[in-house]
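Good morning, and thank you for coming. Please look at the structure as I speak.

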2 protein chains.
Amino acid sequence: MRKIPESTVRRLALYLRYLEESSAGGQVTISSAELARRGGTTSAQVRKDLSFFGSFGKRGLGYPVAALTGRLREILGLKSPHRVILIGAGKVGAALMHYPGFAERGFSVAAIYDRDPRKIGSRWNGLLIRDVRHLERDLRREPTDIAIVVIPATAAQQVAERLVSAGVKAILNFAPVQLVLPDSVAVRNVNMALELETLSYDLTVR
Amino acid sequence: MRKIPESTVRRLALYLRYLEESSAGGQVTISSAELARRGGTTSAQVRKDLSFFGSFGKRGLGYPVAALTGRLREILGLKSPHRVILIGAGKVGAALMHYPGFAERGFSVAAIYDRDPRKIGSRWNGLLIRDVRHLERDLRREPTDIAIVVIPATAAQQVAERLVSAGVKAILNFAPVQLVLPDSVAVRNVNMALELETLSYDLTVR
DNA sequence: GGATGTGAATGTCTTCACAGCT
DNA sequence: AGCTGTGAAGACATTCACATCC
């Protein structure tokens with residue numbers, strides 16, 4: 001069960017969403033073909049993805065919705081909620097703070113940091129915006145695995161390094177730079193301008 | 001020059017960013033090794049990526065910054081600005097509206113739509129929030145290639161279909177669903193909760 | 001000497017196709 | 001009969017390594 005393709009992990013998260021919907025609809029069993037249709041892939045791909053972790057289905061029948069849901073939540077590490085900290089109290093940070101999708105999936109923002117004295121001390125949803133200078137001190141008291149970085153590109157690398165040496169193990173990076181960090185740290189980038197640029201490319205070739 | 005890997009196109013957009021920085025710093029020539037360092041990849045990868053589109057470098061020297069910048073902007077279709085429309089005037093929509101990265105890369109929001117009567121008619125940055133019911137009428141008057149969809153999952157598929165039949169050719173989708181659309185339409189998904197879930201997975205296996 | 005450009009080799013992911021359960 | 005589970009084949013992407021040129 002070593003070395004699962006990243007693309008597989010992403011699809012598992014999609015399958016999980018559809019399983020939860022199906023479960024709400026009272027469905028007991030689901031086929032790889034149905035999961036595939038909703039996940040934008042093929043039934044063979046679904047079976048292969050799941051087979052990395054064992055065999056959950058019954059031949060001739062499909063997969064039991066409830067059991068598979070539980071197993072996927074377990075595989076993805078979503079059985080217990082995750083605390084995350086948010087670095088950067090700008091517009092995008094604000095949107096993320098209030099984004100219902102995070103809470104729904106068990107991620108709760110435990111602290112917000114900024115370096116702007118005008119923001120520090122104010123509150124969002126009752127949550128204090130703290131001085132980023134206190135990052136290390138706070139993380140020593142309350143270790144946190146996941147940080148969301150929503151600050152300008154110029155500051156991102158430096159802050160990321162501080163996060164890592166303070167014990168953060170995973171970073172969701174919205175700054176449009178490639179962070180250079182040890183391989184032991186998981187980094188995922190969200191670069192919205194870059195997505196638009198790839199769409200622009202597609203428009204020129206199609 | 002057919003069938004370029006998507007991963008290559010994404011890296012080209014990254015290279016472009018670093019080229020522009022280097023150019024601002026007065027650098028005249030840049031090696032594949034330097035581009036690689038900043039793009040988080042290898043020099044061989046950089047050369048391979050660029051070689052899909054021709055040979056721009058001088059052996060022993062590297063790539064001319066100015067010429068390569070221009071060529072990449074051309075390849076990515078960024079020589080002229082792009083109008084985009086924004087569907088959904090919620091918190092994330094607001095953040096995108098004010099996101100400086102879009103304007104910097106030549107993307108300007110030309111119209112915003114929502115279906116909430118309380119929002120319709122108000123203005124963001126002087127830009128009117130329009131009734132999504134007028135989408136087709138407006139697109140007939142002002143055809144637009146790119147739409148950014150920032151609405152709840154339940155409404156996304158239906159609106160996406162309307163966009164496509166009104167002539168939209170590329171969609172940046174923030175709704176956490178897999179849109180099912182003709183292959184002729186370019187779709188890119190940004191799913192922030194899903195990114196957190198893949199990080200959660202990484203935490204459980206490392 | 002130094003860095004590109006590129007076929008060939010390797011590695012990774014997806015699709016096929018069918019044996020094996022239920 | 002229906003649908004999973006999975007080796008094998010195929011497609012795709014990355015890395016190697018070296019001839020080529022400035």
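Let me begin with a definition: two strands are said to pair if DSSP finds at least two bridges between them. Please keep in mind also that what you see is a predicted model.

With that definition, consider strand β3 of chain B, residues 82-87, which pairs with β7(B) in the parallel sense over 4 bridges. Within this pairing, which residue of β7(B) does B:Leu86 stand opposite? The residue opposite B:Leu86 is B:Ile148.

In chain B, 7 strands form an open sheet, and their order is β5-β6-β4-β3-β7-β8-β9, with mixed pairing. The edges of this sheet are β5, residues 123-124, and β9 of chain B, each of which pairs on one side only.

Let us now turn to chain A. Here too, 7 strands make up an open sheet, with the order β5-β6-β4-β3-β7-β8-β9 and mixed pairing. At its edges lie β5 (123-124) and β9 (186-189) of chain A, and each of them pairs on one side only.

The strands β5(A) and β6(A) are antiparallel and are paired over 2 bridges. In this pairing, A:Arg123 is found opposite A:Leu128 of β6(A). How many residues lie between the two strands of this hairpin? There are 2 residues between β5(A) and β6(A), and in the turn A:Asn125 has a positive phi of about 55°.

The next pairing is parallel: strand β4 of chain A, residues 107-114, is joined to strand β6 of chain A, residues 127-131, by 3 bridges. Here A:Asp114 stands opposite A:Asp131 in β6(A). Further along, strand β7 (residues 146-149) and strand β8 (residues 170-173) of chain A also run parallel, paired over 4 bridges. One residue of that pairing is A:Val149, whose bridge partner in β8(A) is A:Asn173.

A:Glu6 and A:Arg10 both lie in helix α1 of chain A, residues 6-24, and they are 4 residues apart, about one turn of the helix. Their side chains form a salt bridge, at 3.4 Å from N to O. Over all chains, the count comes to 32 salt bridges.

How are the two chains related? In general, two copies of a chain are related by a rotation about an axis and a shift along it. In this model, chain B is superposed on chain A by a rotation of 180° with 0.0 Å of shift along the axis, at an RMSD of 0.0 Å. That is the relation of a two-fold axis. Which residue of chain B comes closest to the rotation axis? It is B:Ala95, whose C-alpha lies at 3.2 Å.

Finally, the interface. Chain B contributes 62 residues to the contact and chain A contributes 62 residues. Because 100% of the interface residues of chain B are also interface residues in chain A, the copies meet through the same surface. Between them the chains bury about 5500 Å², with 68% of it on carbon and sulfur atoms. B:Leu196, B:Glu197 and B:Tyr201 account for 13% of the area that chain B buries against chain A, more than any other three residues.

As to specific contacts, there are 8 salt bridges between chain B and chain A. One of the salt bridges is between B:Arg17 and A:Glu197, with the closest N and O atoms 3.8 Å apart. Several elements of chain B each supply at least two residues to the side that touches chain A, among them α1 (6-24), β9 (186-189) and α9 (192-205). Which element gives the most to that side? It is α9(B), with 14 residues. By class, the side of chain B that touches chain A has 36 nonpolar, 12 polar and 14 charged residues.

Thank you for your attention.

Key: Residues numbered from 1 in each chain as written. Chains lettered and ligands numbered in written order. Predicted model: local features only at pLDDT ≥ 70, side-chain atom pairs only at ≥ 80, totals over all residues. Heavy atoms only, no water. Least-squares fit on C-alpha atoms with pLDDT ≥ 70 in both. Contact = heavy atoms within 4.5 Å. Buried area = accessible area lost by both parts, 1.4 Å probe. Salt bridge = Lys/Arg side-chain N within 4 Å of Asp/Glu carboxyl O. Nonpolar A, V, L, I, M, F, W, Y, C, P; charged D, E, K, R; others polar.
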